[in-house]
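Trainee: I have a model open on my screen and would like to learn how to read it. Could you walk me through it?

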Amino acid sequence: MGFLIRLAITAVALWITTLIVPGVDVHGRSGGNTVLTLIVVALIFGVINAVLKPVIRVVGCVFYLLTLGLFALVVNALLFLLTDRIASGLDLPFQVDGFWPAFWGAIVMTVVTWLISVVVPDNLDRR
């Protein structure tokens, strides 16, 4: 249940990001197509973050220390661009128009995901 809640939170955060950040777009043919695209892109984004982000943190530890953590913003933007490339390869109507939309999109995604996670706990099964 927690996985589905996290996936839904990420999909909603992605949708809000497409509304706020110019250059991050979802072009579904219908409302249902757009929702399905958001869910699949959220799944891709989650897998990329789960697999690559820990490896990048270990390998780039020195850069994180030298930049006092600001390197994480660049890493998040690059992971967001990678999500766009994979979604494009799967013919999903999701598009990020370059580094700066990816940079701001990753920041908005992080903040919105955090805000939603504060309100909606992902462990509803445990009481």
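Predicted model: local features only at pLDDT ≥ 70, side-chain atom pairs only at ≥ 80, totals over all residues.

Trainee: Thanks! Let me start with length. What span should the 29 residues of helix 2 have?

Mentor: The idea is to count 1.5 Å a residue and compare the result with the distance between the end C-alpha atoms. Helix 1, with 19 residues, should span 27 Å, and its end C-alpha atoms are 27 Å apart.

Trainee: Where does helix 2 bend?

Mentor: Look at L52, where helix 2 bends by about 35°. A proline, P54, follows within four residues of that point.

Trainee: Now the sides of a helix. Which residues of helix 2 are buried?

Mentor: Start with the general idea: an α-helix has 3.6 residues a turn, so residues three or four places apart point the same way. In helix 2 the buried residues are T34, T37, L38, V41, A42, I44, F45, I48, N49 and K53. They pack against helix 1 (2–20), strand 1 (24–26), helix 4 (71–89), strand 2 (94–96) and helix 5 (99–119).

Trainee: And which residues are buried in helix 1?

Mentor: Those are I5, L7, I9, T10, A11, A13, L14, T17 and T18. Their packing partners are strand 1, helix 2, helix 4, strand 2 and helix 5. For helix 5, the buried residues are P101, A102, F103, G105, A106, V108, M109, V112, T113 and I116. The cover over them includes helix 1, strand 1, helix 2, helix 4 and strand 2.

Trainee: How do the axes of helix 4 and helix 5 cross?

Mentor: They come within 8 Å and cross at roughly 105°. So helix 4 is roughly perpendicular to helix 5. Helix 4 contributes L73, V74, N76, A77, L78, F80 and L81, while helix 5 brings F99, A102, F103, G105, A106, I107, M109 and T110. In this contact there are 12 nonpolar, three polar and no charged residues.

Trainee: Let's zoom in. Is T83 buried or exposed?

Mentor: The rule is that under 20% relative accessible area counts as buried and over 50% as exposed. T83, in helix 4, has 1% relative accessibility and so counts as buried. Beyond its sequence neighbours up to four places away, T83 touches V41, I44, F45 and I48.

Trainee: What about a lysine: is K53 buried or exposed?

Mentor: K53 belongs to helix 2 and counts as buried because its relative accessibility is 18%. With residues up to four places away left out, K53 touches I48, N76 and L79.

Trainee: Which residues is Y64 in contact with?

Mentor: Y64 sits in helix 3, residues 61–66, and its 14% relative accessibility makes it buried. Setting aside neighbours within four places in sequence, Y64 contacts I56, R57, G69, F71, A72 and V75.

Trainee: Finally, the loops. Where is R29 found?

Mentor: R29 is in the loop between strand 1 and helix 2, and at 81% relative accessibility it counts as exposed. Sequence distance and spatial distance should be read separately: R29 and P93 are 64 residues apart along the chain, with 8.9 Å between their C-alpha atoms. D91, in the loop between helix 4 and strand 2, is exposed too, with a relative accessible area of 69%. Check its backbone as well: phi of D91 is near 60°, a positive value in a residue other than glycine.

Key. Residues numbered from 1 in each chain as written. Heavy atoms only, no water. Helix = DSSP H or I, 4+ residues; strand = E, 2+ residues; numbered from the N terminus. Expected span 1.5 Å × (residues − 1). Bend = angle between axes of the 7 residues up to and from the residue. Buried < 20%, exposed > 50% of the residue type's maximum accessible area, 1.4 Å probe, protein only. Contact = heavy atoms within 4.5 Å. Axes fitted to C-alpha atoms, helices over the stretch in contact; angles between N-to-C directions. Parallel < 35°, antiparallel > 145°, perpendicular 65-115°, else oblique. Nonpolar A, V, L, I, M, F, W, Y, C, P; charged D, E, K, R; others polar.
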